[in-house]
Amino acid sequence: MRLKPQTYVLTAVAHQRRRVFQRNIIAELFIATLFRYRDSGKFHLHAFVIMPDHLHVLLTPAPDHPIERCVQLIKGGFSYAICKDFQGEVWQDGYHAHRITDINDYQSQLQYIASNPTR
């Protein structure tokens, strides 16, 4: 268990950059999955953005959940939720997790997430 909470920006990309999240119903299913784990205390959710082919999530894992477990819950939970309505792979292997280093980094990441849809 960590003594000091660490905050991360998680980036995950759809398999072969397919525009999986372009359909509202799929994006809403992802949001429901994200909120379910947030509400169950697996992590504190600070911000997120869903793009057609990738997503960014700013979160602080619960003390007993390393970032790897949070990724497993988010990606795996969504894959399980969508499997009846979606054929093929959902995610590219892996993910990128950037650990926030200070308040300036946190603010910069918040700004990046907020401006990502306009880029």
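Predicted model: local features only at pLDDT ≥ 70, side-chain atom pairs only at ≥ 80, totals over all residues.
**Entry 1: the overall fold**

Helices here are DSSP runs of H or I with at least four residues, strands are E runs of at least two, and both are numbered from the N terminus. Read along the sequence, the pattern is β-α-β-β-α-β-α.

Residues are numbered from 1 along each chain as its sequence is written, and side-chain values use heavy atoms, with hydrogens and water left out.

Next I looked up the overall dimensions. The C-alpha trace spans about 40 × 35 × 25 Å along its principal axes. The radius of gyration is 14 Å, which agrees with the value near 14 Å for a compact globule of 119 residues. That radius is taken over C-alpha atoms, and the globule rule is 2.2 Å times the number of residues to the power 0.38.

I then checked burial, and buried residues make up 41% of the 119 residues. Buried means under 20% relative accessible area, exposed means over 50%, and partly exposed lies in between (1.4 Å probe, protein chains only). For contacts (heavy atoms within 4.5 Å), I took those with a separation of 6 or more, and residues 24 or more positions apart account for 68% of them.

**Entry 2: helix α1 and what follows**

I moved on to α1, which has 16 residues and reaches 22 Å from its first C-alpha to its last, close to the 22 Å expected at 1.5 Å a residue. The expected span is 1.5 Å times one less than the number of residues.

Which residues of α1 are buried? I found I26, A27, F30, T33, L34 and Y37. They cover an arc of only 120° around the axis, which puts them on the same side of α1. The arc is that of the directions from the helix axis to the C-beta atoms.

On the face turned away, I noted the exposed residues N24, I25, E28 and D39.

After α1 comes G41, with a positive phi near 85°. G41 sits in the loop between α1 and β2 and is partly exposed, with a relative accessible area of 42%.

I stopped at the loop between β1 and α1, where Q16 is placed. Phi of Q16 is near 55°, a positive value in a residue other than glycine. R17, in the loop between β1 and α1, has a positive phi of about 55° although it is not a glycine.

Q16 counts as exposed at 63% relative accessibility, whereas R17 is partly exposed at 42%.

Where is H65? I found H65 in the loop between β3 and α2 (67-82). At 10% relative accessibility, H65 counts as buried. The side chains of H65 and D64 are joined by a polar contact of 3.0 Å. A polar contact is a pair of N or O atoms within 3.5 Å; within protein, one must be able to donate a hydrogen and the other to accept it, and residues adjacent in sequence count only if both atoms are side-chain atoms.

R69 lies in helix α2 and counts as partly exposed at 35% relative accessibility. I logged a polar contact of 2.8 Å between the side chains of R69 and Q72.

My disulfide search (a pair of cysteine sulfur atoms within 2.5 Å) gave 0. C70 counts as buried at 0% relative accessibility, and C83 as partly exposed at 42%.

**Entry 3: helix α3**

My last stop was α3 (residues 103-115), which has 13 residues and reaches 18 Å, close to the 18 Å expected. Its buried residues are D105, Q109 and I113. They cover an arc of only 75° around the axis, which puts them on the same side of α3.

What do the buried residues of α3 pack against? I listed β1 (8-13), β2 (43-50), β3 (54-61) and β4 (96-99). The face turned away from the buried side carries the exposed residues I103, N104, Q111 and A114.

At the start of α3, I found a side-chain oxygen of D102 within 3.1 Å of the backbone nitrogen of N104.
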